[in-house]
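Please read the following explanation alongside the sequence and the coordinates, taking the overall fold and a few side chains in turn.

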Amino acid sequence: MLVVVTYPSMMYKFADSIANNPMMEIFRQFALHDGLPFQAMLAIASKHRAGVEGKTESVQSLTHKMRALRLMNERIQADSTGQYDGTIYAVATMAVIEVL
């Protein structure tokens with residue numbers, strides 16, 4: 001049995017636009033190096049996946065959303081000086097989830 005995997009970047013030639021996209025560096029800096037924005041990213045990705053499957057939410061999307069909100073609450077309480085830009089990234093990501 002032969003399985004062919006096609007990624008969107010292969011189908012739509014996204015490779016060049018992704019390489020030159022400054023948002024990718026912001027994504028790498030925040031979402032991949034800080035637990036809070038990482039959980040927010042997982043929350044929005046799993047919410048999108050639930051939508052693709054014809055559902056508004058899934059156990060997975062609600063779990064990631066709950067974890068992100070808990071981490072956000074802890075971060076806001078502990079970071080009164082606003083040192084972490086990842087907090088803003090996560091808040092913005094969670095706001096997007098609410099309008100999906």
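Does Phe30 count as buried or exposed? At 16% relative accessibility, Phe30 counts as buried, where buried means under 20% relative accessible area, exposed over 50% and partly exposed in between, with a 1.4 Å probe and protein chains only. The model is a predicted one, in which local features need pLDDT of at least 70 and side-chain atom pairs count only at pLDDT 80 or more, while totals for chains, interfaces and linings use all residues. Residues are numbered from 1 along each chain as its sequence is written, and side-chain values use heavy atoms, with hydrogens and water left out.

The protein chain contains six helices and zero strands, these being DSSP runs numbered from the N terminus (helices H or I, at least four residues; strands E, at least two). Of the 100 residues in the protein chain, 26% are buried.

One aromatic pair is counted, the criterion being that ring centres of Phe, Tyr or Trp (its six-membered ring) lie within 6.5 Å, with planes under 30 degrees apart counted as stacked, over 60 as edge-to-face and the rest as tilted. The rings of Phe30 and Tyr89 have centres 5.8 Å apart and planes at 40 degrees, so this pair is tilted. Because Phe30 lies in helix α3 (residues 22–31) and Tyr89 in helix α6 (residues 85–99), the pair ties together parts that are 59 residues apart in sequence.

Elsewhere, Leu42 belongs to helix α4 (residues 35–52) and, at 22% relative accessibility, counts as partly exposed. Between Leu42 and Lys65, 23 residues apart in sequence, the C-alpha to C-alpha separation is 8.1 Å.
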